[in-house]
Amino acid sequence: MSNENYASAEKRGGEELRAPARASETASNKARLEIHGLSAYYGKTRAVSNVSLSIQTKRVTAIIGPSGCGKSTFIRCLNRMHEVTPGALVEGRVLLDGEDLYGPGVDPVEVRRKVGMVFQKPNPFPTMSIYDNVVAGFKLNGSRDRRVIDGKVEESLKMAALWEEVKDALYKPGTSLSGGQQQRLCIARALAVDPEVLLMDEPCSALDPIATAKIEELIHELKETVTIVIVTHNMQQAARVSDYTAFFYMGELVEFGVTSKIFTNPEKHQTEDYITGRFG
Amino acid sequence: MTSDPMPQISTHRSGLRYLRRKSIEWVACVGMLLCTGVTVFFLLTILGYVLYHGAASVDWEFLTALPVPAGESGGGIANALVGSAMVVALAALMAVPIGMGAAVFVNEFPGAGLGRFVRFLAEVLTGVPSIVVGLFAYALVVRPLGSFSGLAGSVAYAFIMIPIILISAHEAFRLVPVSLREASLALGVPKWRTILWVVLPVSSRALLTGVVLAVSRALGEAAPMLFTAFGNPFWNLNLRKPIATVPLLIYTYATGPYEDWHRKAWAASFVLLVFVLVTSVLTRAFLRGKADE
């Protein structure tokens, strides 16, 4: 069990269960992503086995589980990044608003513009300024109007809660920022493409508790506009930020449900063992 | 041995084992120093020798005048300097895109055994003697076109440069972190744009170093010019005709019978050496400047 953010979890202990309180209103909500029988392989090794679940629109879904349980592989299947790894293979269907991302003729490049991703370690492009980093993906839309691009940079940085800190340094290299700022820059970069879904693969694991708290706050704000799937090692974080939680173990989905229920009254004993710290 | 709780051997400075360790260290140290010394000695000797024999004959006339008929005094190597620059520049124009393009292929499609095979071929190609490369360019360009030419020389130089560029570019691409590629792909940037926008800029310093290395190597090669550029005592800016190049001129002058030619061969060597040194120092300074940005 990860303890790195334990202090901040205690500090915010009072609001730990805030997110699930809203989950009751999700009954009428509609699913943005529907995953049916998804399996993922590296060569002959199966990393994800036959997972089915629905990701609700404009909600935060957390994926938790011990290291090597297939969490990261699973979300990399949701924007077709898994197949970038040599020897990787995916089976099953992932429906985004009813359309199969793995259907014949679907271009993975288009999929990734609708389903954005933020990685574990902040990875701004080292040869680009903050400004260019933000619009690296957006510029592909073909707009050359400087005002449109300027506007997009400001809008995205504001959404990522970074604007105030960098508005006077937009032409400095993206790598000159601190780790937490770099991660928010990466979030701004992903948001600039206007994705419908934002995948976050342990976005805080390389950050200190203060930067982590900022990103978590940001997640709360972002779910007004995008659907978020977050992989995390940190169960306090899952409890704090998510509406739904999926527990993965050994490549299988053990339990999926409203976060408050998973953390207070799980159905499977494996889930209970994991969240009470008996293994993992 | 008594049961002493504190092991003494490691702190004891006069023990036999300590002396033995110390002497091995001394021998190894002196040995490595000798190896380094020999390497540096030869480099400095070559530099000093060329400087001693060549520098005195290098003046403005030497750099700007045409060669004079044997026996007359004065004259220079201006035509060979310009010829070398033209032939190597054209060779670089051919070799840089081909070498880098092939490196991109080798790096981006490793799954297909073809990529690894191409890389293997490039390694073999760096070992092919340059005289053989010259013969190949002769068969490929000189024979069909019916005359020796700067173009044929460029083709020969390009063959020497391509594998050097390919291998150095491939190594540069391999050092680009996977996370940066993935960051770009995850934004919905197509693979070819990811290569152009992310992989190439990130590795640009190493790519430039590879190109400079290849150019320096080609600049000094005389053998591939023997049956291609052929040499020319007159001004020629036409790459379809025989053209003078510095290394070939050095070869001709150094093996000729005249004292004046020998002097000029030394002077030309000096010019060539200085040019290569200055180029690599400038490149380093430029790259360091870029790194500080």
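Before going on, a word on the model. This is a predicted model, in which local features need pLDDT of at least 70 and side-chain atom pairs count only at pLDDT 80 or more, while totals for chains, interfaces and linings use all residues. Residues are numbered from 1 along each chain as its sequence is written, and chains are lettered from A and ligands numbered from 1 in the order in which they are written.

Now widen the selection to strand 3 (residues 60–64) and strand 9 (residues 244–249) of chain A, which pair in the parallel sense over four bridges. Strands here are DSSP runs of E, at least two residues, and helices are runs of H or I, at least four residues, both numbered from the N terminus; two strands pair if DSSP finds at least two bridges between them.

Next, show the whole sheet in chain A: six strands, open, with mixed pairing and the order 6-7-8-3-9-10. Strand 6 (115–118) and strand 10 (252–258) of chain A are the edges, each pairing on one side only.

Then pick helix 8 (residues 179–191) of chain A, which lies across strand 6 and strand 7 (197–201) of chain A and runs at about 170° to strand 6. Angles run from 0 to 180 degrees between N-to-C directions of axes, lines fitted to C-alpha atoms, for helices over the stretch in contact.

Finally, turn to chain B, where 14 residues are in contact (C-beta atoms, placed from the backbone, within 7 Å) with 22 residues of chain A. Helix 7 of chain B brings the largest share of the chain B side, six residues.

Key. Contact = placed C-beta atoms within 7 Å.
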